[in-house]
Amino acid sequence: MISISDLTVADTAGRAVLDQVTLRVEPGDRVGIVGESGSGKTTLATALLGAIRPGLRAAGGTITFDGRDVLSLGERELRALRRDSFAYLGQDPATALTPTMRVGRQIAELATDPSPKSVARHLEGVGLPGDRVFQRRFPHQLSGGQQQRLALARAMAGEPAVLILDEPTTGLDVITQALVLTQIEELAAARGITLLFITHDLIAAARLSDRLVVLRSGRVVEDGPLAATLTAPKHPYTAELVAAVPDIAEAFDKDTPARASAPLLEVRDLVAGHGRGRRKLTTSDGVSFQVARGECVALLGASGSGKTTIARCVSGHHRPDSGQVLVDGEVMPVNVRDRTLDQRRKVQLVPQDSAGSLNPRRTVGAAIARPLRVLQGMDKAAAETETTRLLSLVGLPAEMAARYPRQLSGGQRQRVTIARALAAKPELLVCDEITSSLDVRVQAGVLDLVAELSRTEDLAVVLITHDLGVIARMADRVLSLRAGVVAEQGTVHEVLGAPRHEWTAELVAAVPSLRTELANRTPRKAGAA
Amino acid sequence: MRALVFVLRRLLAAAGTLLAVSVVLFAGSEVLPGDAASASLGINATAEQTALVRAELGLDRPLAVRYLEWIGNAVQGDLGVSVLERAPVAEIVAIPLADTALLTLLAALATIVIATALGLAAGLRPGSRIDRLLSGGALVAVSIPQFVIAGLLVLLFSSVLGWLPAVSLVPAGGAPIDRPEILILPVASLTIFAAAWASRLIRAIVIDANTAPNVEAARLAGLPERQVIRRHLIPATIGPAAQAYAWLASALFGGTAVIEQIFNYPGLSETLVNAVRHHDTPVLEGVGLLLAGIIIGSLVIADLIGLLVNPKLRTAA
C-alpha cells in the first residue's frame with residue numbers, strides 16, 4: 001500500500017538527504033527504520049506525510065499510498081490523507097499535546113466521531129479513564145505516563161491505517177519508554193495497523209518490528225526480516241551497528257575480578273544538595289563508595305537521584321554539606337581551588353556537555369595544551385607533541401588541533417574533552433553522561449577508548465549514565481542510587497543480573513535487550529519484502 | 001485556590017514595587033537643588049524670608065517625616081497642594097491626565113491591532129517576502145525619531161493635503177474628544193513607532209509558538225491551518241503578547257511627552273514642564289506616582305491575562 005520508489009530529497013546545495021530510497025510496505029507490516037543522526041530518517045518520516053522541511057525539496061522519485069502520489073497531492077487532499085490514513089507520533093509524544101486544550105477536546109478534534117461517547121472509547125483504548133471528569137482535565141493534570149498515552153490516543157483518534165513513529169521513545173526514561181512501546185504494540189496488533197518505526201535505537205526497533213530497514217547517509221543499505229538482519233547482517237555497516245549497541249545482557253556473563261589493592265578514591269558519607277534553608281534539596285544523602293585503580297564503577301539512577309552532584313563533589317566543583325572525598329588516602333579539600341596542582345591532576349572530570357565545556361574562542365589544541373603546561377609543566381614544543389599524541393589516542397587526526405570547537409561534530413568534541421582530561425595524566429576519570437548525545441557507533445568508540453585506558457594505564461573510572469547497556473559493557477561494579485541514597489551496590493553481574501532493590505529491579509526489567517528480544521521472539525510474520 | 005494566592009501575591013508585589021518607586025520619586029525630587037520656597041520668592045529673597053516660607057510649607061521637617069505624610073495622604077487620594085497654583089494636585093492634574101490617557105489609549109489600541117496583525121503575518125512565514133518587507137519597514141520606523149515622523153505626517157496631511165489640523169487647538173473649556181480630528185495625527189505618530197517595535201516582538205513570539213511540537217503535530221495530524229492557528233498556536237502566544245504590550249505602555253507614555261509638545265496637545269507634558277520650571281515638587285511627585293501606578297497596573301493586568309490563558313496556573317494542581 002505504501003510504495004516509495006527512488007525517492008531523492010536534496011537540500012538547496014543539491015546534496016541528497018535521501019538518495020534513491022525504495023521501500024514497499026504492505027498493510028499490517030511492522031517496519032523498523034534505523035539510522036544514525038544525519039541518515040535522513042526524519043526526512044523520510046515526514047515525507048511520507050507529504051511534508052518536506054523548508055530548505056529541502058523532493059528531487060525525484062515518488063511516494064504512493066493506495067495508488068495516490070503523496071508528494072503531488074493538493075493541500076485539501078493532503079490534509080485528508082494525514083487526517084484519515086496516517087498518524088504521526090514524534091519525539092516525546094507528550095509535547096504534542098496543546099496545554100490549553102482539555103483531554104476530551106484533544107481527542108474529539110481529530111476523531112471521526114467527536115461525541116463524548118466515542119472519545120471515551122478512544123481514551124479507554126489506551127488504558128485511560130473515559131469519564132466526564134477525566135475528559136475535562138488539562139494535560140498538566142495528568143501524570144507523565146498518562147500524557148504519553150493521551151498523545152497516543154490522539155494519534156489513533158482518526159482511525160489511521162498507518163502509524164509513523166519518529167523516535168517516540170527518545171528522551172524518555174526506560175520505564176516510560178517500555179510503557180509507550182507496549183501500548184503501541186497492543187494497539188497496532190488489535191487494529192491491524194501498519195507500523196513504521198523510525199529510530200536510532202536498534203533495541204527499540206527490535207522490540208516493535210518484524211522487518212528492519214537500515215538507512216545510512218540517505219541510502220537504504222539493508223532491508224530484511226528482523227531476526228535474520230540482526231543475527232546475520234548482509235551489509236558490514238549493519239554488522240558494525242549491531243556490534244556497537246551495548247546490551248544489558250552483556251552483564252550476565254561478566255565476572256568482576258576482586259581487587260585487593262587499597263582504593264584510589266574513597267567517598268565517605270557524602271551529603272550534598274542545592275539551595276539552602278526551606279528550599280534546601282538534598283540530592284545525595286550519606287553516599288559512600290570506593291573505586292580501585294583500573295576499576296570502573298558506575299553510578300546508576302533516575303534523573304534527580306544525585307549522580308552529577310556526587311561527581312561534582314569528587315572533582316571539587318560542588319561543596320558537600322558533610323562527608324569526605326579521599327584520593328590515595330588523602331582527604332581532598334572541598335573546593336577545587338584549594339587543591340594542590342597534583343591533587344587536581346589526579347582527578348579529571350569529563351562533563352556531559354562537551355560543547356559548553358570547551359571555550360569557543362580557543363582551538364582544540366589550546367584546550368588540550370593548557371593542562372599539559374599548567375599541570376605537567378611542559379614547555380610549548382613538548383606540549384605540542386603531546387597534544388598530537390593525545391589527539392591520535394582519542395582517534396582524531398593532528399590537524400584537528402587548529403580547529404575551533406564549533407567546527408567539530410558532537411562525537412569529535414566529546415573526544416576532545418576526553419583528550420583534555422587525559423592531558424592531566426589523571427588517576428581517576430569522572431565521566432558524566434559522556435556518550436548520551438552520541439550515535440551508537442561513536443559511543444562504542446568512546447567507550448572502547450575509556451576501557452582501553454583503564455586497562456593499560458590503570459585508570460580508575462567513575463561512570464555516570466542512565467543507559468544500562470553502557471553500564472553492562474563498561475562497569476565492574478554498580479551503585480544504584482535512589483533519591484540520593486545508595487539503594488544497592490555490587491558487581492554488574494549481581495546488580496543487573498539479580499537486582500535486590502525494587503526500583504533497580506523495575507528498571508532492569510524495563511530495559512529492552514537485543515539478545516533477550518531475539519531469544520523470546522516467535523516471528524509474527526515470516527519475512528517481508 | 002492556587003490561582004487566588006497567585007493573584008494576591010501579584011497584587012502585593014505590585015503594591016511593594018509602587019511603594020519603592022514612590023520612595024525613589026520623593027527622594028529624587030527633594031534632593032534637587034532649590035525648592036518651592038526659594039522658587040516662589042525669587043532670587044532677591046533674604047535667608048530669613050526663605051526660612052519663614054520653608055517653615056510655613058513644612059519643608060524644614062526631616063525628609064522621612066515628610067515622605068510618610070505625603071505617601072499617607074496619597075494613599076487616601078490626596079496628592080498634596082501645588083506650590084505654584086495653591087490648588088490640590090489631584091485637581092490640577094485630572095484634566096491633563098484624562099487628555100493624555102485618551103491619546104495613549106487610542107495609540108495603544110491601534111498598536112495592538114496593527115502589531116498583532118503584522119506580527120502574525122510575518123511570524124507565520126518567517127523569511128517570506130511579506131516578512132522581509134515588514135522587517136525592513138519596522139526597522140525604518142523604529143530608527144526615525146518620533147518627532148521626525150510627526151513632522152512628516154504634518155507636512156503631508158496638513159501642509160500639502162490640508163486634511164487634518166497641524167496643531168491641537170482645543171476651545172477654552174473644551175476637551176480633545178470634542179474635536180476628534182485633532183487626535184488623528186498625534187495618535188498616528190505614536191502608533192507608527194510603537195506598532196513597528198511591537199510587531200517585532202509579536203513576530204518572535206509567533207515564530208516560537210509556530211515551531212512548538214504541539215503545533216507541528218497538529219499540522220501533521222491534518223487539521224485545517226485556520227484551526228491549527230486558532231486552537232493550538234494562538235493560546236500559547238497570548239500570555240507573552242500581553243507582557244510585550246504591557247511594557248509598551250511605558251514606552252507610549254514616554255512618547256506622548258514629545259508628541260504633545262509637537263502638536264501643542266493639552267496634556268500632562270505641559271503640566272510637567274511648568275512644574276519642573278517652577279520647582280513645583282508636589283505636582284512632579286503626584287504625576288510621577290500616577291504614571292508609575294498606571295505602568296505597574298498594566299503589568300499586573302498582563303500577568304492576570306497570562307494567568308487566565310494558562311490552565312496550569314488557573315486550575316489547582
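The structure is a predicted model, in which local features need pLDDT of at least 70, side-chain atom pairs count only at pLDDT 80 or more, and totals for chains, interfaces and linings use all residues. Residues are numbered from 1 along each chain as its sequence is written, while chains are lettered from A and ligands numbered from 1 in the order in which they are written.

Start with confidence. The model scores ipTM 0.77 and pTM 0.78. pLDDT is the predictor's confidence in each residue, from 0 to 100. For chain B its mean is 85, and 93% of the residues in chain B reach 70 or more. Confidence in chain B is lowest in helix α2 (residues 36-41) of chain B, with a mean of 65. It is highest in helix α9 (residues 213-220) of chain B, at 92.

Now turn to a sheet in chain A. Helices (H or I, at least four residues) and strands (E, at least two) are DSSP runs, numbered from the N terminus. Two strands pair if DSSP finds at least two bridges between them. Strands of a sheet pair through backbone hydrogen bonds, either parallel or antiparallel. Six strands of chain A form an open sheet with mixed pairing, in the order β6-β7-β8-β3-β9-β10. At its edges stand β6 (86-89) and β10 (219-225) of chain A; each has a single partner strand, so one side of each lacks a neighbour in the sheet. On average, neighbouring strands of this sheet are turned by 15° against each other, direction ignored. Such angles run from 0 to 180 degrees between N-to-C directions, and axes are lines fitted to C-alpha atoms, for helices over the stretch in contact.

Four bridges pair β6(A) with strand β7 (residues 162-166) of chain A in the parallel sense. Within this pairing, A:A87 has A:L163 as its bridge partner, and A:Y88 has A:I164. Next comes strand β8 (residues 194-199) of chain A, which runs parallel to β7(A) and is joined to it by five bridges. Here A:L165 is partnered by A:F197. Helix α7 (residues 174-191) of chain A makes a right-handed β-α-β unit with β7(A) and β8(A). Right-handed means that, with the strands pointing away from the viewer, the path from the first strand over the helix to the second runs clockwise.

Where does β7(A) sit, covered or open? Five of its five residues are buried. A residue is buried if 20 or more other C-beta atoms lie within 10 Å of its own, exposed if 12 or fewer, and partly exposed in between, with C-beta atoms placed from the backbone. A:V162, A:I164 and A:D166 point one way from β7(A). A:L163 and A:L165 point the other way.

A nonpolar core is a set of buried Ala, Val, Leu, Ile, Met, Phe, Trp, Tyr and Cys residues joined through C-beta atoms within 7 Å. The largest such core has 222 residues, and A:I164 and A:V462 have the most contacts inside it. Two residues are in contact if their C-beta atoms, placed from the backbone, lie within 7 Å. Leaving out residues up to four places away in sequence, A:I164 touches A:A45, A:L48, A:L49, A:F86, A:A87, A:Y88 and A:L196.

Helices lie against the sheet too. Helix α6 (residues 144-156) of chain A lies across β6 and β7 of chain A, at about 160° to β6(A). Helix α10 (residues 236-244) of chain A packs on the sheet and touches β9 (211-216) and β10 of chain A. Its direction makes about 105° with that of β9(A).

Chain B is built from helices: it has 13 helices and zero strands. Its C-alpha trace spans about 85 × 60 × 30 Å along its principal axes. Of its 317 residues, 34% count as buried. Among contacts in chain B with a separation of 6 or more, 74% join residues 24 or more positions apart.

A:D6 lies in strand β1 (residues 2-11) of chain A. Its phi is near 50°, a positive value in a residue other than glycine. A:D6 is exposed, with 12 other C-beta atoms within 10 Å. A:D328 is in the loop between β14 (322-327) and β15 (330-331) of chain A. Phi of A:D328 is positive as well, near 55°. A:D328 is partly exposed, with 15 other C-beta atoms within 10 Å. A:D448 is in helix α17 (residues 440-457) of chain A. It counts as partly exposed, with 14 C-beta neighbours inside 10 Å.
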